[in-house]
Amino acid sequence: MKQAIYQQIITRKRTGKKSFAVLIDPDKVDASSIQELVTLAVAANVDFFFVGGSLVISSHLDECIQQIKASCHIPVILFPGSPSQVSKYADALLYLSLISGRNPELLIGQHVISAPFVKKSGLEIMPTGYMVIDGGAPTTVSYISNASPIPADKSEIAMCTAMAGEMLGMKLIYMDAGSGAKRAITETMIENVAKHIDIPLIVGGGITEPEKAYLNCKAGADIIVVGNAIEKEPSLIKDISAAIHSVAIVNAG
Ligand code: 1GP
């Protein structure tokens with residue numbers, strides 16, 4: 001099993017470095033906007049591209065990833081909304097199990113159906129406990145999965161869910177308030193979850209400002225994901241990246 005990207009994530013965590021992932025939804029970009037994002041991301045030392053969306057309607061996922069790969073060395077990690085969003089051109093795949101929900105299809109059902117296809121892709125597979133947190137607006141994932149998000153003020157539910165995910169063998173935990181969330185995840189919840197797990201913690205959904213990204217990292221997030229805000233204002237990449245990379249945690253371990 002390939003592990004290069006995961007090792008990179010782990011090494012960054014061990015050395016106290018925070019990472020920035022720019023989320024690209026193939027439905028919302030064209031060749032020229034991809035080029036602009038890549039140029040800005042390279043200049044800002046962005047660590048990863050996440051590519052995917054809850055509903056990828058267009059069919060240019062492969063082309064989108066090929067274009068990114070041809071223009072830079074930033075690793076491309078698939079963040080799929082459904083099993084059809086797999087592209088062999090990416091570097092790795094967040095193999096998501098919706099552990100905050102109780103829909104068996106998104107916990108294991110779709111994985112069973114797509115397993116041979118996913119394995120054949122040759123991608124690095126990163127088992128990820130995916131937790132949707134209430135962000136004040138119904139998310140596509142909650143609607144489609146018919147699964148309610150974890151209430152924003154129930155840190156202990158988030159903490160226990162993440163701990164269970166880690167003990168079940170997940171390699172990453174992704175806490176998501178949903179794309180375009182009205183309220184991003186609170187630092188209280190991030191801190192609570194981060195304190196109780198050793199695996200890297202990804203946080204995203206509704207982050208629109210460098211300060212919020214900075215505070216999320218201080219609270220214990222290892223990777224910050226931003227999509228919507230950058231779609232609206234690509235130049236934000238520079239400031240958000242600088243804010244995230246300015247957080248250096250002295251790690252005794
Ligand atoms: C959504 O976490 C991602 O799944 C990013 O959210 O688009 O709100 O930045 P935004």
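Predicted model: local features only at pLDDT ≥ 70, side-chain atom pairs only at ≥ 80, totals over all residues.
Which residues in H2 meet Cys 64, Gln 67, Ile 68 and Ser 71 in H3?

Residues are numbered from 1 along each chain as its sequence is written, and side-chain values use heavy atoms, with hydrogens and water left out.

View 1. An oxygen atom of the ligand lies 2.9 Å from a polar side-chain atom of Tyr 174. A backbone N or O atom of Gly 205 is 3.2 Å from a ligand oxygen atom. For a polar backbone atom of Gly 227, the distance to an oxygen atom of the ligand is 2.8 Å. Alone, the ligand exposes 310 Å², and the protein buries 96% of that (Shrake-Rupley method, 1.4 Å probe).

**View 2. Helices H2 and H3 (DSSP runs of H or I, at least four residues).** H2 spans residues 31-43 and H3 residues 61-71. They pack at about 40°, with axes 10 Å apart (lines fitted to C-alpha atoms over the stretch in contact; angles run from 0 to 180 degrees between N-to-C directions). From H2, Ala 31, Ile 34, Gln 35 and Val 38 meet the H3 residues (heavy atoms within 4.5 Å).

How values were computed. Polar contact = N/O pair within 3.5 Å; in protein donor to acceptor, adjacent residues only side chain to side chain. Helix = DSSP H or I, 4+ residues; strand = E, 2+ residues; numbered from the N terminus.
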